[in-house]
Structure formats: structure tokens, C-alpha cells
Amino acid sequence: MKIAIGCDNAAFELKNILKKYMEELGHEVRDFGIPSADDSTFYPNIAETVAESVKKGESTRGMLLCGTGIGMCITANKVPGIFAALCHDTFSAERSIKSNNAQIITMGARVIGPELAKVIAKTWLASEFTPGSSTPKINLVADIDKKYRG
């Protein structure tokens, strides 16, 4: 799988840990994060770049990291057609894809530690959307997204 990963300076260390871990699991990781912990690039710029990579099909999925994961999630969801989910536990990570077909996961480096983030990432990578009772709901969300694109 091709994974686009991005972070701001609050999550630089966690990004490097998760990037290495996902590569060890056999995934290709495209790093859109800041190049150093001293870089002060604002998270919206990074979130938009990762979301665009996923939207264009250059990346299969995206992972965004900041202090809380909230800002990255909000920004990624502004890109039409992108479903991003904030996940700080394995159940949410699994359901973000299986029930909600989210292409992007966000996490907060100030909320969870590296070992939990690895387990969440592994669960997320192993999950796939399962069409079924959630499909009409996902279609409705997509319809709402299209309605407000402008």
C-alpha cells in the first residue's frame, strides 16, 4: 500500500517512528511532513497536500499527525471527496474504514504515545471498507459533500 504521511512540528518524532514502522510492515511511505522539528510550517498546508495525494490516487491512504490530530482532521475533510477520521484507539481506527470508508486517519502526538500509535496504525492498515449496512450512510455523506462543494 502507498501511504502518504504528514506532520507538523508537534508530531515530528511520532511521524518518523510511524513511517519507519509502516515501512517495516512492507508499505511504501510518501513523507509530506516537515523536514525537521524546527520547521514551523502550519498543519493546514500539510493536511491539504496529503489529502490531495490521496484524492488524486497517488497514495492509497493518508496519515496525518499533529498535537491533537483535530486540526489535521478538520483540514483534510475540507478537500472534496476526502473522508478523514481522528482515531486514538484501535476500534475507532478499524471502524473508520470498515464502516465509514475513511481514506485518512489522524492522530495526536500529545494525546497518545508511540507504541499505541503503532498498534492503531497496524489495525488501520489491516482494515478495509466492508459494503453493507453502512453503505447507504456513506453514500449520503458523499451526497452532502457534493452538495456543499460550491
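1. Ala-93 sits in helix α4 (90–98); helices here are DSSP runs of H or I with at least four residues, strands are runs of E with at least two, and both are numbered from the N terminus. Ala-93 is buried, with a relative accessible area of 0%. Buried means under 20% relative accessible area, exposed means over 50%, and partly exposed is in between, with a 1.4 Å probe and protein chains only. Setting aside residues up to four places away in sequence, Ala-93 touches Cys-87, Ile-105, Ile-120 and Trp-124, where contact means heavy atoms within 4.5 Å.

2. A word on the source: this is a predicted model, in which local features need pLDDT of at least 70 and side-chain atom pairs count only at pLDDT 80 or more, while totals for chains, interfaces and linings use all residues. Residues are numbered from 1 along each chain as its sequence is written, and side-chain values use heavy atoms, with hydrogens and water left out.

3. Leu-125 belongs to helix α5 (residues 114–126). The C-alpha atoms of Ala-93 and Leu-125 are separated by 9.0 Å, and the two residues are 32 residues apart along the chain. Leu-125 counts as buried because its relative accessibility is 8%. Not counting residues up to four places away in sequence, Leu-125 touches Met-1, Ile-3, Met-22, Leu-25, His-27 and Arg-61.

4. In what order do the five strands of the open sheet stand? The order is β2-β1-β3-β5-β4, with parallel pairing; two strands pair if DSSP finds at least two bridges between them. Strands β2 (28–31) and β4 (84–86) are at the edges with a single partner strand each, so one side of each has no neighbour in the sheet. From one strand to the next, the twist averages 25°.

5. Strand β3 (residues 61–66) and strand β5 (residues 104–108) run parallel and are joined by five bridges. Leu-65 has Met-107 as its bridge partner in β5. Helix α2 (residues 43–55) packs on the sheet and touches β1 (2–7), β2, β3 and β5, its direction making about 170° with that of β3. Helix α5 also packs on the sheet, touching β1, β3 and β5, and its direction makes about 160° with that of β3. For these angles, axes are lines fitted to C-alpha atoms, for helices over the stretch in contact, and the angles run from 0 to 180 degrees between N-to-C directions.

6. Why is β3 described as largely enclosed by the rest of the structure? Six of the six residues of β3 are buried, so the strand is largely enclosed. Arg-61, Met-63 and Leu-65 point one way from β3, whereas Gly-62, Leu-64 and Cys-66 point the other way.

7. Strand β1 is mostly covered, with five of its six residues buried. Five bridges join β1 to β3, and four bridges join β1 to β2; both pairs run parallel. Gly-6 has Leu-64 as its bridge partner in β3, and Ala-4 has Arg-30 as its partner in β2.

8. Leu-64 stands opposite Thr-106 in β5. Among the residues that Leu-64 touches, not counting those up to four places away in sequence, are Ile-46, Ala-47 and Val-50, and also Met-72 and Ala-76. Leu-64 is one of the residues with the most contacts inside the largest nonpolar core, which has 42 residues. Others in that group include Leu-18, Met-63, Ile-104 and Trp-124. A nonpolar core is a set of buried Ala, Val, Leu, Ile, Met, Phe, Trp, Tyr and Cys residues joined through side-chain atoms within 4.5 Å.

9. Arg-61 lies over the face of Trp-124, at 5.4 Å from the ring centre. The cut-offs for a charge over a ring are NZ of Lys or CZ of Arg within 6 Å of the ring centre and within 35 degrees of the ring normal.

10. Asn-101 is placed in the loop between α4 and β5. Its phi is near 55°, a positive value in a residue other than glycine. Most residues other than glycine have a negative phi. Asn-101 counts as partly exposed because its relative accessibility is 32%.
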